[in-house]
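Here is a friendly briefing to read alongside the sequence and the 3D view.

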Amino acid sequence: MKGDLLSGIDLPQGTLDLLILKTLNLEPQHGWGISERIRQISREVLQVQQGSLYPALHRLERRGWIRATWGVSDNNRRAKYYELTPAGRSQLEDASASWRKLSAAVQIILDTA
Amino acid sequence: MLRDLLYRGRAVFQRKVLEDDLDAELQFHLDRLTEQHVRAGKAPGEARRLSTIALGGVAQIKEQCRESWGVSWIHALARDLGCAWVRLRRYPRSAAMIVGSLALGIGMSVAMFSLVDAVLLRPLPFPDQDSIYVIQKADPRAGAHVEELAYPELVDLQESIPGFEHVAVTPTSLYGYARVLETATAEPVQLEAAPVSHDFFRVLGVTPRLGRGFTDSDERVGAPPVVVISDRTWREHLGADPGIIGRTVRLNGQGHTVIGVMASGVEFPRGAALWVPLGIEQGVVERRGATFLQAVARAKPGYSRQQVDRDVSALFTRLAVDYPEAYSSSQRGVVTALVNYWTGSARIHLWIVLGASLLLLTASAVSSGGLLLSRAVSRRSEIATHLALGAPPRRIFMQMAAEGAVAGGIAAIAGLGIAYLVIHSLVKWSPADIPRLSEASLDLNSFCFAAGAAAFVAVVCSLAPGWAVSRMRLESAIREGDPRSSVSQRANRARDLFVLAQSAVTFVLLATAVLLVLSYRSVAFVDTGLANRDALTLDVTLRGPGLFPAQGFNRVTRHAFYSRLLQRLREEPGVTSAGAILLRPLAGPIGWDIPYEFEFEAGSRDGKQRPKANYEVVTADYFETVGSPLLQGRDFDSRDSEEAEPVAIISETLAEQVRSAGHTPLGHRIQVGIGGRGWRRIVGISGDARYRSGTHSGAHIFLPILQANQPTRHVVIRGPRPRQELSALVQRVVREIDPSQNAGDPLTIGELIDRDTARHRFNVILLLWFGACAVFLAVTAVYSVIAETMAARRTEVAIKSALGAQRNRVVRDLVVRTIRFAVFGLAVGTVAVSVFGTLSLDVFRGTSAQEPIVLISVAAFLFVVSLGAAVWPAWHATRDSRRTLLRES
């Protein structure tokens, strides 16, 4: 649940949540799909430790940011799909905004100091 | 937020579904990973292994997911409670003791709380009840606690106190106002009736459920008679007829139009079954001397209690100046909030009982806390093992708390059962004069109270043992059986404190109960001056049309009726004697108070300053029938007619006043009332008897029936026949003489005395019961402390015995410490009761002289009981200690 990354970078608290929400913003997806998507989009830099994905998904579901439904996957198997709820969408906006602010601020400090 | 709760709810109640989903979800992930590896050219077995490594430990992931569901603490709690249940069952005897004592305490306090709630806390059926006041007068200088108002003072209150929204008046007591209701279908019944002025219901803030209340036109002098009936009367006697409004019913032989049916629950003044307009008699509306009323007033919003007090007392002071011929200059207003007026002296009694029941609850909490502690101590090596295996102290503490909570929970349920039974039986056996007691029931409030009590007890129980054990040092705990280890020291200290607290609380309860018993004895077994407890009294008020039932009768017709009635009764077989009186003894605290003056002091005091005495009108043979002795002189007889010399009989207290002034009472003269019939010759002196209440003797003046303006209203009759027969006999003879009359409310003198002391007796029984429960709890506690000590120190005891120590010596060593603390507790309790006793509550009247003896006896009793409870298990256990125990160890 902590670390979240294989590549030796410690992901700050809550970053995994943001990545999940962002991924689901495109389309509903199952847990496996989410981990694959994050790996692909980040050009294999970020590899979510797969075991920590599920507790995070369940936590987000409890908070009401995502909603789960059972569907059929592309290889014709039953899979649990997660999709963003309206509350999740606004949470994503808030979190992305503050993430941008944070990283910009850190960037400024790194560049100037 | 709501969604979160729903989610957690699903996690608790649909756990199976969630777990299955989780399994399927993780399996899907694993399969996809495996496929990926297979596609990359791995062998299936290797692919599966790699994907399992990539995903991580499945059990761990699942556990983390469960934490995400936000309900893991619930499951931990459920587990703790389950373990606690198992542990409690492992020691069934001490578990039963713990639960039993808690249930006893909770049950009793819930029952008492329900009573207090029904009588004192639940609001009356009057909206905004706190702004309703009852206004009476008192005249301390004349010794009158309650002075009544007259109708003109209603107008004074209405006109000169702008802060009152509505003011109304009603008689201070309802005796004599009862109406006989005749219906076509059933036997005539006697119903309490309250004459009220027309704003009465507006003061109370209630509206009829059918029809209307009174208006000022109903109250005009000579207005056609109307009546408002209570909901109960409407249902019980008029068949809940919805078309009753506008119909005519016969009350005391006179037709009254029913104009309203009052909302249910409104029965004020207490017991009122119907209400009639008051101001329909010229004599009532105009005369300031016709004092028989009290006022009820509703204050406007924002008009405070202080303002009410100030304005009312200013008004009565001014009236005394304006009408010196009508009022005493020392009269003052007495304002009582309606709520307090309603419950009266029942308040203090109920609070005492509730306090006692809370003490009992404390005692039961202390007792079960001590038991839980003993259990914890005897399990210390088991707990030490848990600690050694790495269980955090917090977990141990939680387990203790869970054990307390489970015991508390079971006890709360059992306690509710006990409370139900207790309430049920109390309502059945309660004194009739505590208002609304019969409405007491187990309700939500009581349940909340029980839950609160259980939580309180669980906290008390779990904190102390948890505290003692979670601070154990491992090594000393594992060295079990060493009585000098720090654990044992600390646990012993806690246990000593429990014993001390327990014995203090028990002492307070028992001593209070015994003091109450003594005070009750002084009230109940006081010589009431009425020796014939079996004499039967009945209400035979003559009834006719008009506001006052007897106004249609004059002295001659009244006397004709009563002399025929009494003569016929006396002729009946099985009747020894019969008489009549204005107001039977102990009918209630209100009666006729009348100023008097002896000849020797004539003119020394202005009419308004004279002392007052209880005024009664009696027939011949009254004194003989009730067993009130004539100490000197003679009873009234046929000589005391209207034309003969006016005479009176006075009670011994009054005669003593004459003697102390140096005169002979018999033959002396007395003036009764102001501007009455002049001087009366004292022809007899009766023994002092109780008329208003069992605790106050007071002075009494008796007049013969033919020389008094007031009627006799109660028949007293005595004979060897059973009371039902006597009662039926009176009823039959009354009907034969005049079919429109009725005899009701039969009560013997003994019942009247009992009724007067009923509240006191009720309290005494409850407190004795609490005291017994407390003693039982204390015995259990001391017994179990010693028994646990024995269990813990078996080896030591065995060695001592084996080395030849005397058995009684060993026992003494074992119990002395516990007994010492029990004695400390008794000392603490004694101090508490002494301090409490100085409050000198009215209910403890007449016990202060005996208090030291009582305290000493109670302390001695509890000492002996504790000693017995301590020595018994110790003696028992040392019996075969030598052989068996040594062999065991």
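## Two chains in brief

Buried residues make up 45% of the 889 residues in chain B; a residue is buried if 20 or more other C-beta atoms lie within 10 Å of its own, exposed if 12 or fewer, and partly exposed in between, with C-beta atoms placed from the backbone. In chain A, 33% of the 113 residues are buried. This is a predicted model, in which local features need pLDDT of at least 70 and side-chain atom pairs count only at pLDDT 80 or more, while totals for chains, interfaces and linings use all residues. Residues are numbered from 1 along each chain as its sequence is written, and chains are lettered from A and ligands numbered from 1 in the order in which they are written.

**What the chains are built from**

- Chain B has 28 helices and 24 strands; helices (H or I, at least four residues) and strands (E, at least two) are DSSP runs, numbered from the N terminus.
- Chain A has four helices and three strands, and their pattern along the sequence is α-β-α-α-β-β-α.
- Two residues are in contact if their C-beta atoms, placed from the backbone, lie within 7 Å.
- Take the contacts between residues at least 6 apart in sequence: in chain B, 82% of them join residues at least 24 apart.
- In chain A, the share of such contacts that join residues at least 24 apart is 51%.

**The sheet of chain A**

- Three strands of chain A form an open sheet in the order S1-S3-S2, with antiparallel pairing; two strands pair if DSSP finds at least two bridges between them.
- Strands of a sheet pair through backbone hydrogen bonds, either parallel or antiparallel.
- The edges of the sheet are strand S1 (29-30) and strand S2 (66-72) of chain A, each of which pairs on one side only.
- S1(A) and S3(A) are antiparallel and share two bridges: Gln29(A) stands opposite Tyr82(A), and His30(A) has Tyr81(A) as its bridge partner.
- S2(A) and S3(A) are also joined in the antiparallel sense, over seven bridges, and here Gly71(A) stands opposite Ala79(A).
- The hairpin of S2(A) and S3(A) has five residues between the strands, and Asn76(A) takes a positive phi near 65° there.

**Two helices packing within chain A**

- Helix H1 (residues 15-26) of chain A packs against H2(A) at an angle of about 100°, and their axes are 10 Å apart.
- Axes are lines fitted to C-alpha atoms, for helices over the stretch in contact, and angles run from 0 to 180 degrees between N-to-C directions.
- H1(A) and H2(A) are therefore roughly perpendicular to each other; angles under 35 degrees count as roughly parallel, over 145 as roughly antiparallel, 65 to 115 as roughly perpendicular and the rest as oblique.
- From H1(A), Leu19(A), Ile20(A) and Thr23(A) meet Ile34(A), Arg37(A) and Ile38(A) of H2(A).
- The residues of this contact between H1(A) and H2(A) are four nonpolar, one polar and one charged; Ala, Val, Leu, Ile, Met, Phe, Trp, Tyr, Cys and Pro count as nonpolar, Asp, Glu, Lys and Arg as charged, and the others, Gly among them, as polar.

**Where the chains touch**

- The contact takes 18 residues from chain A and 20 residues from chain B.
- On the side of chain A that touches chain B, helix H2 (31-41), helix H3 (50-63) and strand S3 (78-84) each supply at least two residues.
- H3(A) gives the largest share of that side, eight residues.
- By class, the side of chain A that touches chain B has five nonpolar, seven polar and six charged residues.
- H3(A) packs against helix H4 (residues 58-68) of chain B at an angle of about 15°, with their axes 8 Å apart, which makes the two helices roughly parallel.
- Residues of H3(A), including Tyr54(A), His58(A) and Arg62(A), meet residues of H4(B), among them Ile61(B), Gln64(B) and Glu67(B).
- The contact of H3(A) with H4(B) has four nonpolar, four polar and three charged residues.

**One loop residue in chain B**

- Asp128(B) sits in the loop between helix H6 (92-121) and strand S1 (132-139) of chain B.
- Asp128(B) counts as exposed because it has 11 C-beta neighbours inside 10 Å.
- Asp128(B) and Pro301(B) are 173 residues apart in sequence, and their C-alpha atoms are 9.6 Å apart in space.
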